[in-house]
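Walk through this model from its overall fold to its ligand shells. Keep the sequence and the 3D view side by side.

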Amino acid sequence: MATRTRPSSKRCAVIGGSGFLGRHLLERLVDRGYTVNVFDIRQAYELPGVTFHRGDLCDRQALLVALKEVSIVFHCASPAPASDDRALFQRVNIDGTRTVIQACHEAGVQKLILTSSASVVFEGTDIKNGREDLPYAKKPIDYYTETKIQQEKLSSEINQIKEKGFLTVAIRPHGIFGPRDPQLVPILIDAARRGKMKFIIGDGSNLVDFTYVENVVHGHILAAEHLKADSPLCGQAYHITNDEPVRFWDFMSQILEGLGYSAPRYHLPYTLVYGIALLLWLIALVLRPLIRIKPTFSPMRVALAGTHHYYSCARAKKDMGYQPLVPLREAIVRTVESYPHLRKGA
Ligand SMILES: NC(=O)C1=CN([C@@H]2O[C@H](COP(=O)(O)OP(=O)(O)OC[C@H]3O[C@@H](n4cnc5c(N)ncnc54)[C@H](OP(=O)(O)O)[C@@H]3O)[C@@H](O)[C@H]2O)C=CC1
Ligand SMILES: CC(C)CCC[C@@H](C)[C@H]1CC[C@H]2C3=C(CC[C@]12C)[C@@]1(C)CCC(=O)C[C@@H]1CC3
């Protein structure tokens, strides 16, 4: 085992710190007086008070350098769900998380805060006010989710092994959005620009959680600060949402109209759209060796757009005093303002 110096409780590392959530997280950590090491496969920016370590989280030696004298590790790296690359998810989310845990143990890290996802319990059918004790999805909606389940199990199991001497907790956000998000708003606007946002899938009444990135960050920091040997957080998972479920299509419409695009108006039956999406996905799979096609409306996206899926964050409120800091209305305004380049006509 490597020689250890006692780490400062204010020294932490953010694995995936060049990403959307990771960067917001470390900005807030710096504001709160933490010293931050970033570990990521790419360096996207420079920030005073932050030390960058570029590397692959599957590389234990590279991780050990970034975790030296660190007390808290936030692990929020993952390949993007849209990559749909099974081998990559397996390597990074499962094998890589195992490596992160080993490196934490070797470096004498005390706490690991894993970013999981509320979708670990989602099977493509309605979830209303789902609590953390729902069973993991038996049929996860995609490879990404399949490996997020394994990842969460790994981090929770390791917490049971007391002699390892470090504590873990998993945060399950849902539908993160906000400034610099490379997924939700850009994908939505790309679809609108290509004339694909005219239709509402289903009757449009399905409620969904969309969570502003600063609230997700707040949940992570509260978890780190409340995670102690005798706390109920050890080895547990916590939903972190805006606690304001919203109609999926109202949310999309507010973003679209805020950026100058028309909101979808015509309804299409859910089963019809899901069937077409499934067919296109199968065709894409068959053609994959010849040509790579990525349909905008994947079965996963259709399921997310046409069902209820919102989650209770009562456990986070009770165990760590969580309350969302930014209400949904304000969060949408801030998000829309942050994408001037995606405005219609820009
Ligand atoms: N966005 C959302 O709505 C939700 C996200 N989550 C979870 O939150 C976390 C953060 O998501 P988000 O910020 O959106 O994702 P991003 O893709 O923006 O950030 C992830 C970062 O991790 C990096 N990364 C990927 N693979 C490796 C690797 N092998 N070694 C080191 N770094 C790596 C990525 O680099 P590169 O970009 O080059 O791949 C990227 O910089 C993830 O764990 C995700 O599963 C959970 C629920 C909802
Ligand atoms: C083309 C439109 C029908 C949909 C455009 C918006 C979608 C890109 C997003 C709506 C719900 C989002 C979501 C995720 C990614 C972006 C959306 C599909 C996740 C899959 C990201 C990773 C997770 O852990 C779960 C998220 C659920 C919601």
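Helices (H or I, at least four residues) and strands (E, at least two) are DSSP runs, numbered from the N terminus. This is a predicted model, in which local features need pLDDT of at least 70, side-chain atom pairs count only at pLDDT 80 or more, and totals for chains, interfaces and linings use all residues. Residues are numbered from 1 along each chain as its sequence is written, while chains are lettered from A and ligands numbered from 1 in the order in which they are written.

Start with the whole. The protein has 11 helices and 15 strands. Its C-alpha trace spans about 65 × 45 × 40 Å along the principal axes. The radius of gyration, taken over C-alpha atoms, is 20 Å, which agrees with the value near 20 Å for a compact globule of 346 residues. The globule rule is 2.2 Å times the number of residues to the power 0.38.

Next, burial. A residue is buried if 20 or more other C-beta atoms lie within 10 Å of its own, exposed if 12 or fewer, and partly exposed in between; C-beta atoms are placed from the backbone. Buried residues make up 45% of the 346 residues. Contacts need C-beta atoms, placed from the backbone, within 7 Å. Of the contacts between residues at least 6 apart in sequence, 77% join residues at least 24 apart.

Now the interior. A nonpolar core is a set of buried Ala, Val, Leu, Ile, Met, Phe, Trp, Tyr and Cys residues joined through C-beta atoms within 7 Å. The largest such core holds 96 residues, and Cys12, Val14, Ile15, Leu67, Val73, Cys104 and Ala223 have the most contacts inside it. H3 provides the largest share of this core, 7 residues. Which residues does Cys104 contact, leaving aside neighbours within four places in sequence? Cys104 touches Leu67, Val73, Val109, Leu112 and Phe166.

Two ligands come next. A residue counts as near a molecule if its C-beta atom, placed from the backbone, lies within 6 Å of it. Ligand 1 is surrounded by 28 residues, with Gly16, Gly19, Phe20, Leu21 and Ala77 the closest. Helix H1 (20–31) and helix H3 (86–107) each give two or more residues to this shell. H1 gives the most, with 3 residues. The shell around ligand 1 divides into 13 nonpolar, 11 polar and 4 charged residues. Here Ala, Val, Leu, Ile, Met, Phe, Trp, Tyr, Cys and Pro count as nonpolar, Asp, Glu, Lys and Arg as charged, and the others, Gly among them, as polar.

Ligand 2 has 13 residues around it, and Ser117, Ser119, Gly175, Ile187 and Ala191 come nearest. Helix H5 (184–193) and helix H9 (299–306) each supply at least two residues. H5 has the largest share of the shell around ligand 2, 4 residues. That shell divides into 7 nonpolar, 5 polar and 1 charged.

Asn129 is not a glycine, yet its phi is positive, near 55 degrees. Asn129 sits in strand E6 (residues 127–130). Is Asn129 buried or partly exposed? Asn129 is partly exposed, because 13 other C-beta atoms lie within 10 Å. Asp243, also not a glycine, has a positive phi of about 60 degrees. Asp243 lies in the loop between strand E12 (237–240) and strand E13 (246–247). Asp243 is buried, because 21 other C-beta atoms lie within 10 Å.

Key
Two residues are in contact if their C-beta atoms, placed from the backbone, lie within 7 Å.
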